[in-house]
There are 2 protein chains.
Amino acid sequence: MQRYFLQEPYEAKAVFAVSGEPFHHMIRVMRMTPGAKVGLVFEDHLAIIAKIKEADEETVYLEEVEKEQQDKELPLQVTIASGYPKGDKLDLIVQKGTELGAAAFIGFPAQTSVVKWDQKKLQKKQQRLQKIAQEAAEQSQRQIAPAITLLDNAKAFWQSLSQYDAVLVAYEESAKQGEAAMLLQVITALPVGSKVLAIFGPEGGLTPSEIEEAQQNNAKLCGLGPRILRTETAPFYFLSAVSVLTELKRM
Amino acid sequence: MQRYFLQEPYEAKAVFAVSGEPFHHMIRVMRMTPGAKVGLVFEDHLAIIAKIKEADEETVYLEEVEKEQQDKELPLQVTIASGYPKGDKLDLIVQKGTELGAAAFIGFPAQTSVVKWDQKKLQKKQQRLQKIAQEAAEQSQRQIAPAITLLDNAKAFWQSLSQYDAVLVAYEESAKQGEAAMLLQVITALPVGSKVLAIFGPEGGLTPSEIEEAQQNNAKLCGLGPRILRTETAPFYFLSAVSVLTELKRM
């Protein structure tokens, strides 16, 4: 079922009037007609199944069929922080990471990041990634679209670590040294709703001084299995692991 | 450390003479000089760390430093079978799936596959994917490069299911129905070395008759968490889950 994120909080109504892009997509692109059902997700993350009653030139009118029952969000709020990688790898990280349940994404200039983006470029990039996140959230039937924050200042990033209940750094050397249990230990010990930050270096990895900075801010180093994952693949492993450890086991 | 797959079984030698593509990459592309260390992986999956002694116009000569100790392969041999998806999504599945530890990949024409590839096209595609798998295996420091098999016949595929110790089908409806434990149950019950086949539909999913065909061949349906994953994302979740359940827990 097609799914649309609306920019308003949920409020019980006899009829929901929807215009703008969701209207355009339902009526012009998908050519939906009265009786068709869609998912509507409100700003406060409540989701309903709604049925189209009618449409005019710029608005489609729907009625609520039922509230969505199943919780589609990871039990932990995982923010993926990536040291800026090359090319359009952030696009892939955001698209697949959204499908896999990330709550938010942060980009930051790591010491080995090759790309240097100015404010204007970052703003454009942020808008593009926010759109990718929204589309992926709709497609994967989520209740929130992850927020995208692109920083131009590494210091601000390292100082933000205290906001989280747990901070993990994906560290290749941990895997090489045979460390394999930290991820498991940290994730399974956190109560539902905890905020987790997972930090990934760019292609060249994080430098010893960045690792030290992270550790001074209570980050723990963790391996992601014995194979060396590319910078864009490691977040997929991390998010899947959180799902396996929190969602597959609770049922 | 750069890693090279050689087309010969391991045999203890005072000097390993390497020519062809690995020679070219070491000496011409990476401009390595005597003393540089590389990983050499032999046909029988044994891996050594070797040091360059010297090179001439077409051969580089190396000596063994030590055998590689750590096992980089998943404890289960996982084959990823994808109903042909659109565009170049198979490239992404093979590249990331190799990093995440897949033992082999199979493509097959599913009923909702949009692309129709003839033998000639399949052969070209197979060569391209084999190269992607080899590069990803080198990059992720694995001991094998996964084999790629592209079938032009769905029947042959369904008949091959009996070769495996366990067959799982990623099935969106399982997730919708709240099934969440099958993957966990099957994976954790298998002894080390078991052969697992994981089947993924194309964008349009598997049809009821394909699901029935799979079930008649002892396949079990499993959900991959409550979010709906794209056809190319689902294998990443599956492989990460196998790693979490077999590698992170054993140490």
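Tutor: Chain A is divided into domain 1 (1-65) and domain 2 (75-246), with bounds that come from an automatic or database domain assignment. This is a predicted model, in which local features need pLDDT of at least 70, side-chain atom pairs count only at pLDDT 80 or more, and totals for chains, interfaces and linings use all residues. Residues are numbered from 1 along each chain as its sequence is written, chains are lettered from A and ligands numbered from 1 in the order in which they are written, and side-chain values use heavy atoms, with hydrogens and water left out.

Student: How do you know which residues of domain 1 and domain 2 of chain A are in contact, and how many are there?

Tutor: Contact means heavy atoms within 4.5 Å. By that criterion, 7 residues of domain 1 of chain A are in contact with 8 residues of domain 2 of chain A. In domain 1, A:R3, A:F5 and A:H45 lose the most area to domain 2, together 76% of what that side buries.

Student: What makes up the area buried between domain 1 and domain 2 of chain A?

Tutor: Buried area is the accessible area (1.4 Å probe) that two parts lose on being put together, summed over both. For these two domains of chain A the value is about 740 Å², 51% of it on carbon and sulfur atoms.

Student: How many salt bridges does the rule find across the interface of chain A and chain B?

Tutor: The rule finds 6 salt bridges between chain A and chain B, whereas across the interface of domain 1 and domain 2 of chain A it finds 0.

Student: Which elements of chain A supply the side that touches chain B?

Tutor: Helices here are DSSP runs (H or I, at least four residues), numbered from the N terminus. Helix 2 (89-99), helix 3 (119-139), helix 5 (172-176), helix 6 (182-189) and helix 8 (234-246) of chain A each supply at least two residues of that side. The largest share, 7 residues, comes from helix 8 of chain A.

Student: How much area do chain A and chain B bury between them?

Tutor: Chain A and chain B bury about 3,800 Å², 58% of it on carbon and sulfur atoms. The contact takes 42 residues from chain A and 42 residues from chain B.

Technical notes:
A salt bridge is a side-chain nitrogen of Lys or Arg within 4 Å of a carboxyl oxygen of Asp or Glu.
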